[in-house]
Amino acid sequence: MNARIPSVKRSAPRAAAITAEATRPDRKQAILLAAEKLFAQHGYHVVTIRQIAEEAGVPLALVGYYYGQKHELFHAIFEHWAHSIEARLAGLAAVSIDPDDTRTLPRIIEAFTAPVLALRASSEGEYYALLVARELYHATEEADRVLRAYFDPLAEAYIDALHIALPHATRGQAAWGYQFALGSLLHHLNDSRIERLSRGENTRADPAVAPMLVNFIVGGLRAALPRPKTPRTNKTTPRRQKP
């Protein structure tokens, strides 16, 4: 019985310290930003909770106090940035989708890419954009959970828009087109090899090439899903009847 008393006494100061740290409003945000940065730089499965706590400058126990287990912290990052998905959906809703207007497809793709490129170029959104590009296409339970909750509704909306803009294509073909467009965008966000291949002329994730990226995706969609050619009508001159 007496052997248990010291452990109770040791736990009380620890609980008090955690409570005191938790009252500092900047601690919770620091943990989220630290996790976002480390996951983006090194990958979700490599980073430990201890490393996140050290990066955030908080006690280890405080990470669990605020966010629970590591996968819950991972999910919390995307919940924090849910407004960026809403912005992309709002941009799509503002596009007048007319399949006969040649400007429709570029406008859809610009609404799809521009907010993400702006995030990647900003100091506050840089690591989030990199995290999306790096982590969400690994076949993991954590990534699949985030994709289903946040990004599948976005994908569905853009596939629907592409299907309307390209009515001669099936929805399945529009879905392939979306995936190819997404691949181009994510590679642009994540790639650093361009600096070496361009011999220093280009910089990674350069927002200035946004129009080029849009034109590339639009050109690819139009080449892969061309409008069917209108059949020519054979105009024949009626023969004159002999008098």
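Two rings of Phe, Tyr or Trp (its six-membered ring) count as a pair if their centres lie within 6.5 Å, and planes over 60 degrees apart make the pair edge-to-face. On that basis this predicted model holds twelve aromatic pairs.

Start by selecting tyrosine 65 and tyrosine 66. Their rings make an edge-to-face pair, with 5.4 Å from centre to centre and 75° between the planes.

Next, select phenylalanine 78 and phenylalanine 151. The ring centres are 6.2 Å apart and the planes stand at 80°, so this pair is edge-to-face. Show the helices as well: phenylalanine 78 belongs to helix α5 (residues 70-80) and phenylalanine 151 to helix α9 (residues 141-165), so the pair ties together parts that are 73 residues apart in sequence.

Phenylalanine 78 has 1% relative accessibility and counts as buried, because the cut-off for buried is under 20%. Phenylalanine 151, at a relative accessible area of 11%, is buried too.

Lysine 70 lies over the face of the tyrosine 44 ring, 4.5 Å from the ring centre.

The last stop is threonine 104, in helix α7 (residues 104-121). Is threonine 104 buried or exposed? Threonine 104 has a relative accessible area of 2% and is buried. To see what surrounds threonine 104, select Val95, Ser96, Ile97, Asp98 and Ala165: these are its contacts once neighbours within four places in sequence are left aside.

Notes
Residues numbered from 1 in each chain as written. Predicted model: local features only at pLDDT ≥ 70, side-chain atom pairs only at ≥ 80, totals over all residues. Heavy atoms only, no water. Phe/Tyr/Trp six-rings, centres within 6.5 Å; stacked < 30°, edge-to-face > 60°. Helix = DSSP H or I, 4+ residues; strand = E, 2+ residues; numbered from the N terminus. Buried < 20%, exposed > 50% of the residue type's maximum accessible area, 1.4 Å probe, protein only. Lys NZ or Arg CZ within 6 Å of the ring centre and 35° of its normal. Contact = heavy atoms within 4.5 Å.
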